[in-house]
Amino acid sequence: MVTTTAPPAKPMARVRAKPKAGMTRKRREALAAYAFLAPDTIGLLIFVAIPMVLAFGVAFFKVDGFGNYSYVGLANYKLMAGDDQLWASLRVTATYVVAFVPIAFVVSFALAMLVRNHFKGISWVRSAFFLPNVVSLVVVGLIWQFLLVDKRGALSKLLAPLGLGDVSFLGTPSLALGTYVVISVWFLMGYQMLVFLAGLKDVPKELEDAAQIDGAGSWQRFRYVIWPLLRPTSFFVVVNSTIGAVTGLQAFDLVFVLTKGGPARATSTVVLYIYEQAFTFNNMGYAAALTTMVVAILVVCTGLMFGFTRGGRFDED
Amino acid sequence: MAATPSPVRQLSRRSVLRGGLGAFAASAAGLPLLSACGGDDSGGNAKEMSFWNFYGPSDDQGPQSKWFVDTVAEWNKNNDVKVKLRYIPGKDYLNGTTLQTAFQSGQGPDIFLISPGDFLRYYNGGVLQDLGTALPDEARKDYLPGLLEARSVDGKVYGLPMEIEPLAMYYSETAFEKAGLSEADLPKTWDQTLAIAQKLTGKDRYGVMFETTPGYYQNFTWYPFMWQGDGNAIKDGKSAFDSPAAVQALKFWGDTVKNKVAPRKALGDGGGDVVSNLGSGAAAMQQSGIWAVADMRTKAKNFKYGIIPLPTPDGGSAATDLGGWAFVANSKGKNPEAAAKFIAWALGSTDAAGIERQRQWNTVVKTNLPPRKSVQQAADAKGAFADGALKKFVSQIAPTGKPEPRFPPEVYQPIADAIQACQLNAADPAKAAADAAEKIDTFLNTYQGAPIS
Amino acid sequence: MKIRFFPILAHVLAIIAVAPLLWILISALKPAEDVFNFGWPSTWTLDNLQYVLLKIPMPRFMVNSAIVAVTVTVVALFFHSMAAYALARLRFPGRGIIFSGIMSTLLVSLPVILVPLFLVAKQLGLLDSYAGLIVPSIFHAFGIFLLRQYYLNIPRELEEAADLDGCGYWRRYWSVILPLSRPVLASLSVLFFLANWNAFLWPLTITRNPDLRVIQLGVSGMQGQYASAWNLILAAAVIAAIPTVVVFVAGQRRLVDAMKTTGLK
């Protein structure tokens, strides 16, 4: 870890600081800190925490979507066990996470290695990889719907010579989820590549050179020099993309625009299922219960990841 | 932009803090925050009512948008309680969160549009206003049989239909010619459909097309094929979905995809969008509704097409589905009485202006069958159904139609899953139908809302 | 001269990555009937773009989006940097709890709290207003986290100079920390602008007034009204994407540095 933790303040400075009347320095510092934190903390409380608490509360009610509530205790949670579509959608999300997270990780890491050192035209190459990420998911959905139109879309035309001209990438249940993974990777690889690049910048060149002089091959240099230093970055990428894949906008906006969960529920992610329960069936209470369950799963997953990697060593000053 | 208040100013820290305190107070009150919303300003007599719809005023300001704008302007000219239109693009109206979020928090529109598939959801939620007193007997009698019944509970009318929309099979004359086929080859049975579609399928084109996107609309277009074999989803308060009629209809749709003569994903707005599919040459035959006649008229004027009744199974009888949206009023809205009056006036007036307004909607700016006898007569007098596709719709197709069933979401969903699984995932129709039937029964056992039809 | 393999591979992959975007751009410049023609357009036309800009209130949507995205970016960066400063540099009771509390909000995403958030917004009178589009979008833990990482790495001596002058905490933040954060704020502003310009679900839920429609709603609405006109839909998509590409190109040099300096390692 090369984080430059700030050196402890020099005692001289401490002594010189003039305490204001009636308030210790410690107290002033704390008050200042609270004032600095107030806007964001209050905002997060109102616009994230309170809605979440409301969701927890609503989970104990049967809600019909028209403002009528009746208390049902744990009934909404009990419903989950027998809800095979919920399990199907959890399977879709799990499959998506298991496919998307590692593929996105490997692809973006490989791209980062590829554009790590200078070559002619590197800035255009880097921009090109990031460009899909600047486009909105609404537009991304449109673009791929257009490219993947059955038979006449550009991709079908491209694949026609191979005899794959009438493959329906978004209309075939066995292909739709894969297509969704590929599009997600295409969308996010540039962003993750940047994160890796940032991490790679901190790998001291001397260390690598030294390893090379010691006769380490490029694989060994990667394995013993670069990889260990990149562990915290990798941790960040994995946690971030897992959360994104489970409940993020990419799990919702993109599916919503591309397939609406079809064909035959092949891309019905758990977030989409919650949305469906809330807005198609007006089961707000059940949807809220599902929400709390998904957040609980996420907490457990990220907790486990923290445990296994000893926190990815985010420095806690 | 000068009139826009500066957002930055609204964001001073003080206002954020004040907002914070407000929310804390609200959260301390806990659930009342949620439940109180419904009643906030219900039953009032406000001077402005909102009317949410997916026609106007739209950006393209087409004739349908104009009809809405003009109708509302006409009402506002003569009434104290004004109507304000709010346009929501169709896609967001049908599948979005806009209406649901609004109703959930007691901010629902005063007047809005619903399809038969939505009726029970809103009725059981207690937000539909009885149009009774606003609707004179004369108007009631003017509606064709069955139409008001489909929007009534216990004899009380909760919605006025604005149109009747039967489904038929559209075909492209050009595609038939190119494949060396003639009118004599137009399919009458399912087997013929599969065979002809095979011949019409080419490098850039599918022979036949049904809706592929899951949703209420897909179910709506599929029901006729079940009815043709005398099947139904619910009979005598019990699920009848695992019938041979439903199974063979599921199999038929599946076969079109399995044989690669129908697409797995429709273009544009899907099955209801003839211009994007048949009109673009991507499909040679397409099941769609009567509205497409107007669409083709405005967007693909020179395209040659015809319509035929939906093909039937061996030994089956012709059937189609009669869709159609209705105006409804929100009983928890700002002025439900006035909203009901507006609806009765806009769609139900029996004076000359009212009939003309309906005639315009049903035969000029859009193509539907008018839901009222007097309007039908007025349209006939102008020769609206004298020839072409519309004549066929009136004389051959509509008489075989049944109104779209008003299934609540819990009945709709298992059917939708069965259709999707058989159409696109090569599922076993018998098993899919049995699974769906079981789910429907489970739901019906505890259902306590208004009668499902 | 030895031709190196990896740079060539990088160029090829880059072309593949942008190919879908380029194809959309080209298709938007084709006449309606050519839109599915797989090849170079026979004629180029600006009709599609012109139609979308003149017949549809695209400019209005873009102004709305710009107001929202710029305001959110500026206010959010200001608030986040204050919060991050406190978390990184000040000592106070409850720091650990507040920090983990803020971080834990990262687990909650918009789709799962849509309805309760809408209720809160309604209670605060935010429906159907610029404030409703802007205020709830400001608060996000990600920016706080990144800035905190950055501030952890600023040498403490710099601050102490100000301390010696007897400056209060506000002055230290304002005249020492904030100027030092200029590069990271500049690059974060690119990310924030992109995220807010591209927002869809929240604007869809919170606004009813058609005059408040943002660009993504406009594009998505096109799909409903002009379902058969791919040429127009693509033109709208291109127009919606242009500002993001411009902002990105202008700010791209800073992005890598930003990631680096925020200490994501």
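Me: How much helix and how much strand is there over residues 97–118 of chain C?

Reply: In this predicted model, that stretch of chain C is 77% helix and 0% strand.

Me: What does the UniProt record list for chain C, and where?

Reply: An unreviewed UniProt entry lists "transmembrane region" for several stretches of chain C, among them 97–118 and 130–147. Others in that entry include 5–26, 61–85 and 226–250. Residues 130–147 of chain C are 89% helix and 0% strand, with end C-alpha atoms 27 Å apart.

Me: How many helices and strands are there in chain C?

Reply: Chain C has 13 helices and zero strands. Written as a pattern along the sequence, that is α-α-α-α-α-α-α-α-α-α-α-α-α. Its C-alpha atoms fill a box of roughly 70 × 70 × 30 Å along the principal axes.

Me: What share of chain C is buried, and what share of its contacts join residues at least 24 apart?

Reply: For burial, 58% of the 265 residues of chain C count as buried. For contacts, take those between residues at least 6 apart in sequence: 77% of them join residues at least 24 apart.

Me: Where in chain B does Asp351(B) lie?

Reply: Asp351(B) is in the loop that runs between helix 14 (336–348) and helix 15 (352–365) of chain B. Val69(B) is 282 residues from Asp351(B) along the chain, and their C-alpha atoms are separated by 20 Å.

Note on methods:
Residues are numbered from 1 along each chain as its sequence is written. Chains are lettered from A and ligands numbered from 1 in the order in which they are written. This is a predicted model: local features need pLDDT of at least 70, side-chain atom pairs count only at pLDDT 80 or more; totals for chains, interfaces and linings use all residues. Helices (H or I, at least four residues) and strands (E, at least two) are DSSP runs, numbered from the N terminus. A residue is buried if 20 or more other C-beta atoms lie within 10 Å of its own, exposed if 12 or fewer, and partly exposed in between; C-beta atoms are placed from the backbone. Two residues are in contact if their C-beta atoms, placed from the backbone, lie within 7 Å. UniProt positions are given in the numbering used here, feature names are shortened, and annotations may be inferred rather than shown by experiment.
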